[in-house]
Each structure stands twice: as C-alpha cells, then as structure tokens.
Amino acid sequence: MPARIEDHSRTILDTAVVIDGAPIVTEKKVDALTRVLKKLFSEAGRVREDGLYMPMGPDGKSKGYLFIGFETVEQADNAVRGLNNKRLDNKHTLLVNKFTDIKKYGDDDEEDEEYNEPPEQPYVEQEHLRSWLKEPNSVDQFILYKGESVGVFWNRKSEVPEVNVNRSNWTETYVAWSPLGTYLCSVHHQGVQLWGGDEFGRKARFIHPGVQLLDFSPCENYLVTWSPEPIQLIPENSPMRASFPFTTADEGKQIVVWNVQTGMPVRTFSSAVGPDSENGPGPQGPKKISWPAFKWTSDDKYLARVVPGQQIFVYETPGMGLLDKKSIRIDGVVDFEFSPAVIKGTGKKDEPEHVISYWTPEMNNQSARVTLMTIPSKEVIRTRNLFNVAECRLHWQNKGAFLCVKVVRFTKTKKSTFTNLEFFRLNEKNIPIEVVELKETVINFAWEPAGDRLVIISTSDVPTAPGAPLGARPPPGKVPGMPGPGGPIKTSVSFYGLERSKGVNGQFRQIMTVERKSSNSIFWSSNGRFVVVAAVGGTSNNTGELDFWDFDFEGEKKEIPGAEEVPANLTLMASGQHYQLTDIEWDPTGRYVATSSSMWGRAMETGYRIWDLKGQLLREEHVERFKQFLWRPRPPTLLTKDQQREVRKNLREYSKVFDQEDIAEESQASKELIAQRLRLLEEWRAWRKAVEAELAADRGGVVPLAFKSEEDGTEIIEEIVEEVISEKEEEIED
C-alpha cells in the first residue's frame, strides 16, 4: 500500500469511534435512533456526512453497537472523554472508544490460538476509607487549619489532641469534609482533591481551573464545583490535554457535576440560568452565584435548581437529563426545598416519591402561595394561600414529618412586619396546617433533629438597607441579629414543643421565652435534646455569649402553664463566653461542642475551645493565624430501630461502664504523667552526678558547695534577691 494512502487510512480510523450499549431496535426505528445519537454526538464535534454506521443482524434488528466518524481527531477524542458512560435512558449506558484502540487488544493476525494463563498479580490491600470508625472508644477526629498547616487530630477532651496526620501546604484555599466523613477535600487553583484512608492518601482529583466552591450530594456519589472562570479548552499540543476532562460542549460553563467514583464530569452548567434555556446564560439570570447551586434529594436520585420567577429544573441521576425532558413552569417562583424524607407513592406504580415545596409571591391580583408537589409524578398534594407577604422561608424537619413556613408579613399600614409560622404535618391525613402568630420578626429558626421541638430567635428591630422595604433582606455582609456599629441588637429566644396526650399530637406550644439577649444563632446537637444558643460574629463588640440548654433535664419536672402536655423539661445548664466567636460546631456524636474564632471572620484573638454538652469548658487553645476547625462527620448508624431502642432502654447500665472507663482513662493519664515527671527527674539527677564527677576531677576531688548533693547531709538553700540599679521617670506628652 502506498505511504500516502496508508496515512490517509490511518487518519480516517483515528477520527472514528465505536459505541457499545446502544438500544437494539427494528428497521422501523433505526432512523429515529440515528437522529437521537447523531444529535447527541454532535456535541463533541461535527459528524461526517454518512459518518454513522449501525450494523443490522439477520433478524432485522440492530446489534447494539455502531460506528461514528468525525471530521477531526480532536472531535473523536472529545466524544470519548465527554460521552463515555453516558446514560442514554434508564436501560442503556453508552460506552465510547476510539476505533484505533482495538490495536491495544491485538489484531486477529496477532492473536494466539492457545490460551496462556496470565501471571498472578500479588494482592495489595487497599486502605479502608472508614477505618477511623474502628476506634474502640468512638473518639472523633477534627481538622485544624492554621497558617499553612492542615492537621487531622483525635479528640482527647481536655488533653492535647493526638495527631493523626499533619501536612504543610495541603490546600491553597480551604478544606472540607464530605457529608459522611469519607473524604477530606482540599481546594487548589487547578481543582479539587479528595483524600482518605489511614494515611490520607489521594483518592481522586477533579481538574477545574479557578475552582472556589464545592458541594457534595448527600450520599457522596456526586461532587459539584464552581469556578468564576469559564471553562476553556487546552490546546491539542499541551501535555495536560490528555488528562483534561472537558470537551467543546463544556466551553463557557462554570459549574461541573462530577461522578466521585469515576472522577469524570457528568454534566456542566452555566452559573446564570437563562429564561429560555436550562444551560445558557440569559439577560434575566442572577448576577451573583447562589450556593449551593443545586439542591438534592436525600437519596441522590434528583437534583434541582430554580430560575427565579419562571421555573424549576429537576434533573435525574445518573444521566443528568431533565425529568420528563422538560422543566416545571411556575410563574413567580422564588425558592424551593426538597423534603429530607421519601414518602409512599400515590400513583399506579406506588413507587416511593420525594416532596418538593416552593413558594410564589403575590402577583397579578393573586395571593402568595406555598405548594407541595411530589417528584417524579409532579402531583400537587397541598397548597396554602398567604396574604400581605414580604418574604417566606421553608424549613423542613430532618425526617420530613413537618414543614415550617416562616412567613414575614406586613401590617395593615405597611410600616412594620410580623411573623407567622405555618406548620404542615405531612404524616397526618390531608396534611393539616397549624398557624403560630408572633408579634416580632423571626431572624432564626431551627428544628430539633428527628424531633418535634424547635427554637426561634426574634426581634422587634430588624436592620434593613436604606430605602429598602420593611421585611427585605439586610445588605450584604450583615445578618439579622449580628453586631453592628451600635452594638448587637436585642433578641428574644423562644422554645416550642408539640403537645402529646395519650399518643395523639396536639398543637405547638411555647415552653419558655428568654428576652433581652444578644443571641442570633441556634446549634442543635446531632442527636437532639441539647441545644446551644449563641451570639456569632467576629466583630469587636461581639462578646460571644453561649447558653447551653437541655430539653429533657433529668431533675425535678417544671410545671409550664399552657404547655403541660409538652414532653419537655427545659433547663439552662450553663452559660459561657467566647470573645469574637465566629463558628460553632457539634461533634457527630453530640457529646462535645467546638467554638472557634477564625481570622477569616476578622477575629483578632484566634483559636478554639472544646466544651462538653453540659457547657463545661474542657480545652482552650489560642492559635495564631487560625482558620478552620471541622469535626469529621460520621455515616448513619448500622443498628436497626429495635437495636437502637434496646440501647436506649439499657443506657443507664452502659453509662456505668462508660464512667468506669473514663475514670480508668483519667487515672491512666495521671499515672503516665507522674511516670514521665519521675523519668525526667531521674535523668536530671543522673546528669547532675555526671557534672559533679567532672568538676571534681577538674578541681582535684573538691566539689563546690553549690553542687554538693543531699547525700552528704548538706541542705542547699537558694535565694533570689532583686536589686534596683537605677530608676528613671519620663513624662510623655499626648
């Protein structure tokens, strides 16, 4: 074959790809399938005329694979990088390879007719990504990021934390844990890296130049990253081109959804969603990024984003295609939230469904409205009309049993606002709604995890931007209740619970209200019952007040007028302070609370403190250039509900064992400390004798009095005398 013809043939083969996993169809459906596949692969480049070939079998059906030829080699490479493992529908995932890759497995002429057993590879044990859970005493880990150093430590209560790993320049910006604690994330200018295992080796790398924000799906299957720099393709001759995961279809996008297991992008999006396109930026898109850009269902099956005023895009994993191939059109929609729980389906298939809640403002002579809709059936199961609405916030209880809609409403004069709390009870027939009206404006709200009790913070003095309508959000950088130039605003902290009489749910009742506080933040223990109410903000006039509350105090039961049927015995256990407090975080077991002052929060005195759940300070450490303190999350327990119930039933017996172990641990720590001091003392005495012997040899056997030991009966008394040599006073003028 002439060299020119051979080179041309090789070029043709280099531009061809082989697609496996395509649907097997009859001749009648070949044209429709061809159009779909040609449109899909046109995202990677221009398909040659007559460049798609789909072989047919003798039975008149396609064979499930096809060949596509592109105009250039680069376009074929884009197709492999961007469309391999692409989910076409629920039953078909496309596998895309270069035609020339067949060479890797040998041509027919090179195949050996005899089977040769491959050499046995030595077994290499892999690190367990959840090995830290094997710690026998359930000790938790946390991250300390200070200066250029990032360390992972074991919590030793009041003792010095035990180092697991400590590295310099581990990250360029900040670090984060994945939701279940499997990975530690480091953020760099070129992308994000995931670390895990006993030695925290690198497990994955996601190339996204200029990345600044990241967010995991709840089950850690997907990672979402955002960069202010639009994606730009790397030149073909660049050494990084082979590892660059993006294609021409991704150019100009800023948000990337990654598959954590494969390390490859699943889909890319623009930061601003246009009015007519699910991807492209439009004139009505938001100018600033709202993060997280997507909201997930609890099982990672769906993710969604809103185009304010127009529609909600719901995408289905793993293909990342639009649910039913179209958006949910909702005129005026402002915000939405997914329920954390899955409900039993009401359709013909009776499959589990998710619930999405959203609200729309008053417009076109229509009242504001809150709507509950099931996904994927898109059936509206409840609506609520609202009037004189300034703003709404949607707060789901973490088990999905309740939805609280915080409604900020105008008074009749429109000169002030007040708040209504609208409680949707999803576990009851027809989803009844209960309304609690408050005279003040609620600035913070938090459900008890897995419970029906809640804490709210309210005030009659909500800061608003100059010229902004009452009830509007404060200007950027200001949070309601945060200290301002005139000092922190005064707030009221209220505690509520659900009545229960003979197993029947009643109404939400106020248990207690504490007035004239500076608190603005609520932090529940991960297991409920205990809650910390605090004043958070790194400004100089924030005293960082902390109140530790117990909803089920085991002491004498307090009678609460009007709330006798509420199962609670609320007690303030302790109060504390952490000057210029910027962050609070409970450990995943709900036993300890960490408060910290970060240099990122403009705190002048940086460091952290660890408290127990009763508000007793266990450890305090001032750290220069302190940035982050993050407890390592834990995955959900593997115990069944019956096993958990049995543990709670015998908790007193377990507590006795734990108390004995704590005493033994403290005693062992004391013994180790005493042994260490005795060892140092013996070392010092040995050194002293050696020095005495050396001096005696130099002085002909005469030992100076200052070095005579106690063995000769001499008592050595040391006395320190301070003498003022001179004193001078100077007067400094202002």
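Let me start with a question: with which residue does Arg529 form a salt bridge? The partner is Asp550, and the closest N and O atoms of the two side chains are 2.8 Å apart. Before I go on, please keep in mind that this is a predicted model, so that every value I quote today is computed from it.

Arg529 counts as partly exposed, with a relative accessibility of 23%, whereas Asp550 is buried, at a relative accessible area of 2%.

Let me return to the salt bridges. Side chains of opposite charge can pair when their charged atoms come close. In this model the count comes to 27 salt bridges. One of them joins Arg500 and Asp452, whose closest N and O atoms are 2.4 Å apart. Here Arg500 lies in strand β32 (residues 491–501) and Asp452 in the loop between β30 (441–447) and β31 (454–459), so this pair ties together parts that are 48 residues apart in sequence. Is Asp452 buried or exposed? With a relative accessible area of 7%, Asp452 is buried, while Arg500, at 44% relative accessibility, counts as partly exposed.

A further pair is Arg619 and Glu621, with the closest N and O atoms 3.3 Å apart. In this pair the arginine, Arg619, is buried, with a relative accessible area of 14%, and Glu621 counts as partly exposed at 21%. There is also a network, in which salt bridges that share partners join Asp140, Arg591 and Arg634.

Now let us move to another part of the chain, and to Asp14, which is found in helix α1 (residues 3–14). Asp14 counts as partly exposed, at 23% relative accessibility. Which residues is Asp14 in contact with, once we leave aside its neighbours within four places in sequence? They are Val73, Ala76, Lys98 and Thr100. Gly69 is 55 residues away from Asp14 along the chain, and the C-alpha atoms of these two residues are separated by 8.9 Å.

Finally, a word about confidence. The protein chain averages a pLDDT of 84, and 84% of the residues score at least 70. Over residues 1–6, however, the pLDDT is below 50, and this stretch has 1 contact in the model beyond near neighbours in sequence. Residues 463–486 also stay under 50 in pLDDT, and for them the model has 41 contacts beyond four places in sequence.

Technical notes. Residues numbered from 1 in each chain as written. Predicted model: local features only at pLDDT ≥ 70, side-chain atom pairs only at ≥ 80, totals over all residues. Heavy atoms only, no water. pLDDT = per-residue confidence, 0-100. Contact = heavy atoms within 4.5 Å. Salt bridge = Lys/Arg side-chain N within 4 Å of Asp/Glu carboxyl O. Helix = DSSP H or I, 4+ residues; strand = E, 2+ residues; numbered from the N terminus. Buried < 20%, exposed > 50% of the residue type's maximum accessible area, 1.4 Å probe, protein only.
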